[in-house]
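Please open the model in your viewer and keep the selection panel at hand. The tour below goes from one selection to the next.

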Amino acid sequence: MDDHPIIIEAIINTLQYMQDQSDKLCFKTESARDCETAHQKIQSYSAAKPLDLVILDLSLPPAPQLNLYSGDDLGVCIRGQFPNTKILVITSYANSHRIRQTINAYNPLGFLNKQDVGFIKYVSAINKVLSGETHYNKTIMCIKRWRCKL
């Protein structure tokens, strides 16, 4: 879920690359560019057909009629409905308060700042998250540990 088509395309291409490189991975990808579309897609899943992985941008056009104003609201919704879903946040935000708020709200397994990530690091982060490992890139770890100001 991202509001930029080029990012969505990059995510889909990355997942396709990973699938092509592995006998074990098989992705069914869906995309959404706003909170309303994302919410509709989330609601199409159930406990019998859960979401395995969500790659989520924090900055998405809101759906006020659904009380969804950002990717964070979707993250809380996903975590409440599908507690075992692996969430990887990608964002261009570097606001320490916002990042800590996201981590505290729904504890994403992965968290990447878009400015710090290239293709190889992105693939590595997705693999770690899929394996159930936590992966926060350097900028996010710095913020999480309160050791830097951005």
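Predicted model: local features only at pLDDT ≥ 70, side-chain atom pairs only at ≥ 80, totals over all residues.

Now show the two helices whole, α1 as residues 5-20 and α5 as residues 119-130: they pack at an angle of about 70°, and their axes are 11 Å apart. Because angles of 65 to 115 degrees count as roughly perpendicular, α1 is described as roughly perpendicular to α5, and the crossing of α1 and α5 is right-handed.

Next, select M1, I42, L51, L56, L74, I78 and F111, which have the most contacts inside the largest nonpolar core, a set of 25 residues. At least two residues of this core come from each of α2 (35-43), β1 (53-57), α3 (71-81), β2 (86-91), α4 and α6 (138-144). Centre the view on I78, which, leaving aside residues up to four places away in sequence, touches M1, I42, L51, V54, P83, T85 and I87.

Finally, move to N107, in the loop between α4 (96-106) and β3 (110-113). With residues up to four places away in sequence not counted, N107 touches R79, T102 and Y136; Q40, by contrast, is 67 residues from N107 in sequence and 22 Å from N107 in space, C-alpha to C-alpha.

Note on methods. Residues numbered from 1 in each chain as written. Heavy atoms only, no water. Helix = DSSP H or I, 4+ residues; strand = E, 2+ residues; numbered from the N terminus. Contact = heavy atoms within 4.5 Å. Axes fitted to C-alpha atoms, helices over the stretch in contact; angles between N-to-C directions. Parallel < 35°, antiparallel > 145°, perpendicular 65-115°, else oblique. Left-handed = near helix turned anticlockwise from the far one by under 90°. Core = buried A, V, L, I, M, F, W, Y, C linked by side-chain atoms within 4.5 Å. Buried < 20%, exposed > 50% of the residue type's maximum accessible area, 1.4 Å probe, protein only.
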